[in-house]
Amino acid sequence: MVPLHSTKSMEYSRNGGRSLGYLSLGYSTPFLSLGSSYMYSSLAAAKAAVISVGEEIASQGLPLGICPLVFVFTGTGNVSLGAQEIFKLLPHTFVEPSKLPELFVKDKGVSQNGKSTKRVHHVYGCIITSQDMVEHQDPSKPFDKADYYVHPEHYNPVFHEKIAPYTSVLVNCMYWEKRFPRLLSTKQLQDLTAKACPLVGICDITCDIGGSIEFVNRATLIDSPFFRFNPTNNSYYQDMDGDGLLCMAVDILPTEFAKEASQHFGDILSEFVGSLASMTEVSDLPAHLKRACISYRGELTSLYEYIPRMRKSDPEETQDNITNGASNQRTYNILVSLSGHLFDKFLINEALDMIEAAGGSFHLAKCEIGQSADAESYSELEVGADDRKVLDQIIDSLTRLANPDDEEDYISPRKETNKISLKIGKVQQENEEKPEEMTKRSSVLILGAGRVCRPAAEFLASVRNISSQQWYKTYLGGEQRDVRVIVASLYLKDAKEERIYMIQPQDSEYLTFQLLHWSVSQTGTPWFTGNIMALRVKLQLYFVELSDTKAWFSMIMSTLSKLGFFDNEANELLSSGKKITFGALLSNVIMKDAEALDGEEEISKRIIKLGHSKESADKAAKTIVFLGYHEEREIPSLCKSVFDATCYLMEEKLAYSGHEQDMVLLHHEVEVEFPENKRTEKHSATLLEFGEVKNGQMTTAMAKTVGIPAAIGALLLIEDKIKTRGVLRPLEPEVYLPALDILQAYGIKLMEKTE
């Protein structure tokens, strides 16, 4: 439903207060008497409980050690207003973001006559918007909201420096997209924790998993709304006792007040039912319903006619036309970036009408749709014309659309929210003479999106950096080349994950991600191929058996496969819609029944009965217990096959915690005899590398020492430094000599010694 004049017609954000985790810190607070929202019979009852807590705070006060208690709300939309509505039931004072530091340098909670001051009997609220979260990379430039929405890469996050150090509870209510800086990253939280930040809890109403708050990695349940994240060791816990931060991320909050939510929705909807039921012509509808009508009698209404036009300008179709010799490329082309309420205010219609009315053409290069009433949309159009004057006319028209107040004779009723931001750029033409530096650009395609590809992609994408100039010139010769890296995956899951940890704003022009729609067999499942080595290492440590690891590892994998743990077909038990535990699924896989299996010994006996040897059964049983398959823990609903459940458990066990890192130790000794003079030499080479955390993600030593040499090989081929053709082992001097030099310049060094 399209809101009329931005009316908040559907508001689901009245959420009850949450008990705080101060008890684990040794503080008893009035919040302990407050239950979860769903425990109250109505919203009114929940509000009464909050008011009661507020009265106790006003009369008895809060523990001095947690004061001032500051709630920070992100955003100013419906969600934030709903959260503030509950907050205002407490004795409160709102402060400006710039005034937060003053709360912590004023009185310490006790006046000169020994009485407690306002900060003990009040809670404090602070509402922040994007201008409080980021600042321009150029200190001389002020924050510009329109520019920020178009070019977020030009801004650095500052929430962790200016707001978070003074925040007790963060209530995250804002809309966020991946192109914007995060509100709070794991690394930033770790730094804040080291500085004794007062932050004890986060209520992430937006529930963007791995989004604006990086360490919120899961949604929580209504009856179990919190998890505890300890940034010191980068670990997650389901209890509330211990060090760390309490995080709430319930993604179905309106159902906690189901009666009120349904009533509110019904009241709003009932206002429209009469008009809809009696309508014979779309023109008879009230204005707000008419605007919301997308199609009528099989055709798009006038406000939505831009949809087929934008579809016809799809970049993929345009590329197909070029390939087939039917390009509609014009003589003069320019890139136009538009941001604002393009679609909900139908400004995109006006822009496209202006382009076509002037005799120009366009095709859509990029489009990101705002996902809420407050969020702006962003589009990039390549606008073309065969006459330079026509193109200039189009730009003038779009400029007037973006800046209606600049033209006295241009009358527009649009308010501030109806304005758009306009940026004009240049489109490189096929027949245009390119600058000299653009001629040295190459592309490298990395197939597969496992962890090994990340250091390889980052290495190649960093070739253009100033820090690489010296070794590039020394070992490869000539000027630096721009290398465009394309990481391609077969799987949508990889595409989502790799975008998060691989593509950084400064490399976005040189590092892209593609999803290849290829058909593959089930044996090519990305998890299995990407994590098999890590599983082997973990199991090796668990069994403490260091001899012939390949043999017993293969035995375990073979046994689990034969038992059906890698079966990728939909499982009848998991597809039943019932709540299934891992223990129940284990019994179903091994014995095709629902009897519980108690312990490693019983599991081994069952496997032996199926025809497996005692040795393989014992090791498989030990692995099953190690993974937690015997536990009576509910299987997530996303697991539809036994293989899904197996992968889920393995990913839990294999994930590195904050204090874990891998190590690569390589040592070679070669003894050389010289028959002429009967002397001998002993040559040794040692490599020692450790995994490291970079951009909040673990890069393993194994990934670095495998991925970067492969990337160097690609770079040597690009620069034609390898003259020999065919399939080569890296034993040729033209391969290993420059490769070792570049590795050392990049920080991976072999310690060589001759005796």
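Predicted model: local features only at pLDDT ≥ 70, side-chain atom pairs only at ≥ 80, totals over all residues.
Helices and strands are here runs assigned by DSSP, numbered from the N terminus. By that numbering, Ala196 sits in the loop between α8 (186-194) and β7.

The protein chain contains 25 helices and 24 strands. It has 755 residues, of which 44% count as buried. Its exposed surface comes to about 40600 Å², with 52% of that supplied by carbon and sulfur atoms. Among contacts in the chain with a separation of 6 or more, 67% are between residues 24 or more positions apart.

Some places in the loops deserve a look for their backbone. Pro68 is in the loop between α1 (43-60) and β1 (70-74). The peptide bond that joins Cys67 and Pro68 is cis, with omega at about -5°.

Ala196, in the loop that leads from α8 to β7, has a phi of about 60°, a positive value although the residue is not a glycine. Is Ala196 buried or exposed? Its relative accessibility is 64%, and the cut-off for exposed is over 50%, so Ala196 counts as exposed.

Which residues is Ser212 in contact with, leaving aside its neighbours within four places in sequence? They are Asn172, Met174, Trp176, Arg182, Leu183 and Leu184.

Just after α13, Gly359 adopts a positive phi of about 95°.

The next helix to consider is α15, residues 453-461, where Cys453 is found. The relative accessibility of Cys453 is 6%, so Cys453 counts as buried. Cys453 and Ile708 are 255 residues apart along the chain, yet their C-alpha atoms are separated by 8.6 Å.

Ile708 also takes part in the packing of α15 with helix α24, which covers residues 701-718. On the α15 side the contact is made by Pro455, Ala456, Phe459 and Leu460; on the α24 side it is made by Ala703, Lys704, Gly707, Ile708, Ala711, Ile712 and Leu715. These residues of the contact of α15 with α24 divide into 9 nonpolar, 1 polar and 1 charged.

Helix α20, residues 582-591, packs with α23 (residues 642-654) and also with α21 (residues 599-609). How do α20 and α21 lie to each other? Their axes are 10 Å apart, at an angle of about 25°. They are therefore roughly parallel, since angles under 35 degrees are classed that way. Leu586, Ile590 and Met591 of α20 make the contact with Ile603, Arg606 and Ile607 of α21. The residues of this contact divide into 5 nonpolar, no polar and 1 charged.

With α23, the angle of α20 is about 130° and the axes are 12 Å apart. The two are therefore oblique to each other, and α20 passes α23 in a left-handed crossing. Phe582, Leu585 and Val589 in α20 meet Val642, Ala645, Tyr648 and Leu649 in α23. The contact of α20 with α23 is made up of 7 nonpolar residues, with no polar and no charged ones.

Methods:
Residues numbered from 1 in each chain as written. Heavy atoms only, no water. Axes fitted to C-alpha atoms, helices over the stretch in contact; angles between N-to-C directions. Helix = DSSP H or I, 4+ residues; strand = E, 2+ residues; numbered from the N terminus. Parallel < 35°, antiparallel > 145°, perpendicular 65-115°, else oblique. Left-handed = near helix turned anticlockwise from the far one by under 90°. Contact = heavy atoms within 4.5 Å. Nonpolar A, V, L, I, M, F, W, Y, C, P; charged D, E, K, R; others polar. Buried < 20%, exposed > 50% of the residue type's maximum accessible area, 1.4 Å probe, protein only. Areas by Shrake-Rupley, 256 points an atom, 1.4 Å probe, with all protein chains shown as cover.
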